[in-house]
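Please open the model in a viewer and keep the sequence panel at hand.

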Amino acid sequence: MRRLGLRARVTAGFAVGAALLASSMALISYDLTRRSLLDEREHTAVRVAYFDAAVVRTGLDTDHPDVVEVLRSLDTGSTRRPLLHLDGAWYARTAEAAATGVPDALHEWVRGGRPAVQRVRLAGQLTLLVGVPLSDRATYYELTSLRELEETFQVLALALTAVAIMVAGSGAAFGWYATRHSLRPLTAVADAAEKIAGGDFTIRLAPTTDSDLTRLSTSFNDMVDQLARRIERDRRFAADVSHELRSPLQTLAAAASVLTRRREHHDERTATAAGLVVDEIDRFQQLVNDLIELARADQPAQREPVDVAALARELCRGRALPADLVDVEPGTPTDWRVDRRRIEQLLVNLLENAVRYGGGPIAVRLSAARGAGVIEVDDAGAGVPVEDREAIFDRFVRGRAAHARAATDGTGLGLAIVAQHAAAHGGRATVDDRPGGGARFRVELPGSVE
């Protein structure tokens with residue numbers, strides 16, 4: 001039960017509760033009805049048996065009684081069968097018969113002058129046996145078939161079982177409806193939380209007229225407002241810091257370019273130090289640019305028609321890569337509704353990641369699935385270990401291939417920007433093994449292909 005969802009557990013609880021209640025009521029109703037009908041039939045059978053016993057006693061008071069004729073004179077119908085024990089012999093309507101079905105203990109009890117009633121099963125049928133003492137020489141028995149009553153009990157049991165099943169089903173349906181109605185606010189909260197996690201901070205819960213849920217909606221909206229303000233404040237801070245760093249970085253870059261041009265006039269140690277300064281300044285500039293890009297990544301995507309295939313080929317040529325790396329799956333349109341700036345940065349980062357850490361890109365595939373555009377970039381590297389496949393899309397996280405290179409290579413933000421741009425389109429970025437070796441980076445962009 002713990003593995004089931006809340007709605008399934010509540011529905012199952014309603015169904016089980018309704019089934020237990022219906023079953024209890026059905027058992028009680030069946031028992032009361034059965035007892036009532038059996039008691040009524042028993043009382044009727046006893047009265048009739050005493051009346052028939054009186055008729056038999058009267059018929060035996062003659063000098064030479066014909067026992068069979070006396071028994072035949074009884075109006076017993078088809079459901080009752082008379083038996084007479086007289087002077088050690090048993091008689092039925094036909095002739096002298098064996099006392100089939102009369103228990104010895106009951107017979108001894110009646111012969112002692114005490115009437116008795118007992119339910120026995122004869123030939124698979126429930127039978128009511130009534131014994132009436134007539135004299136010291138004779139005892140009268142009447143066997144009443146309860147077959148019709150048993151059939152009634154069977155029909156009653158089937159009807160009550162059907163009612164119990166219907167009540168259990170109704171309980172499950174009511175539980176499902178109740179949970180659906182009761183969990184509707186939580187569903188709205190879950191939907192809003194998913195959209196907020198995707199970067200849409202304009203989502204708010206609608207005010208509710210239910211006083212018990214007003215606090216939930218207002219608290220949730222206040223939380224989102226505070227979160228949006230804090231994220232916006234952090235974004236502005238990162239953007240402001242990055243912009244403020246640009247001016248001194250440009251000055252440092254200009255000075256570093258002077259040092260680079262005059263490297264041949266310096267001694268070896270000075271030239272080496274100047275080269276390290278230039279490399280660190282370049283890396284610092286790249287880090288600042290990536291931080292600015294991340295600060296802008298929280299804004300909603302501005303979708304427009306873009307020829308993604310042409311854009312990918314242009315980016316490949318700009319990095320001295322063959323344009324025929326780009327492969328469009330047959331039937332896939334090349335014009336997608338995406339944010340051009342984000343997709344361009346996304347492709348650039350994936351290509352640079354393949355060049356730096358994956359032995360170079362070997363394919364850039366474009367396809368579509370259920371209205372979502374799919375971009376896949378394959379490389380010729382060693383692949384990404386399973387335990388690193390989620391972490392490498394976090395900020396300032398590097399995979400094992402990056403650690404194997406120089407410590408100053410890259411900023412640790414390239415794949416984080418890829419994941420951020422994919423999320424801005426409502427999609428996601430993943431990585432898996434490429435058939436034949438290497439890694440395959442996959443970006444899904446829902447709603448980009450018609």
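Which charged end sits over the ring of Trp109? Select Trp109 together with Arg114: the charged end of Arg114 lies over the ring, 3.8 Å from its centre. A charge counts as sitting over a ring if NZ of Lys or CZ of Arg is within 6 Å of the ring centre and within 35 degrees of the ring normal.

Before the next selection, note that this is a predicted model, in which local features need pLDDT of at least 70 and side-chain atom pairs count only at pLDDT 80 or more, whereas totals for chains, interfaces and linings use all residues. Residues are numbered from 1 along each chain as its sequence is written, and side-chain values use heavy atoms, with hydrogens and water left out.

**Aromatic pairs**

Rings of Phe, Tyr and Trp (its six-membered ring) pair if their centres lie within 6.5 Å; planes under 30 degrees apart are stacked, those over 60 edge-to-face, and the rest tilted. Four aromatic pairs are counted by this rule. Select Phe14 and Phe174: the ring centres are 5.6 Å apart and the planes stand at 65°, so this pair is edge-to-face. Because Phe14 belongs to helix α1 (residues 6-60) and Phe174 to helix α4 (residues 147-182), the pair ties together parts 160 residues apart in sequence. Helices (H or I, at least four residues) and strands (E, at least two) are DSSP runs, numbered from the N terminus.

Tyr30 is in helix α1 and Phe153 in helix α4, 123 residues apart. Tyr30 is partly exposed at 24% relative accessibility, while Phe153 is buried at 4%. Buried means under 20% relative accessible area, exposed over 50%, and partly exposed in between (1.4 Å probe, protein chains only).

**The five-stranded sheet**

Show the strands in the order β7-β9-β10-β12-β11: these five form an open sheet with mixed pairing. Two strands pair if DSSP finds at least two bridges between them. β7 (326-328) and β11 (428-433) are the edge strands, each with a single partner, so one side of each has no neighbour in the sheet. β11 pairs with β12 (residues 439-446) in the antiparallel sense over six bridges. Select Thr430 to find its bridge partner in β12, Arg442.

**The nonpolar cores**

A nonpolar core is a set of buried Ala, Val, Leu, Ile, Met, Phe, Trp, Tyr and Cys residues joined through side-chain atoms within 4.5 Å. The largest has 35 residues, and those with the most contacts inside it include Val308, Trp336, Ile343 and Leu350. Among the elements that give two or more residues to this core are α8, α9 (340-357), α11 and β12. Select Leu350, which touches Val377, Leu415, Val418, Phe441 and Val443, not counting residues up to four places away in sequence; contact means heavy atoms within 4.5 Å. A second, separate core of 25 residues includes Leu38, Ala53, Val67 and Phe153.

In helix α11 (residues 414-424), select the buried residues Leu415, Ala416, Ile417, Val418, His421 and Ala422. Just after α11, Gly426 has a positive phi of about 80°.

Finish at Asn221 in helix α6 (residues 211-261). Asn221 is buried at 15% relative accessibility and touches Arg204 and Leu205, leaving aside residues up to four places away in sequence.
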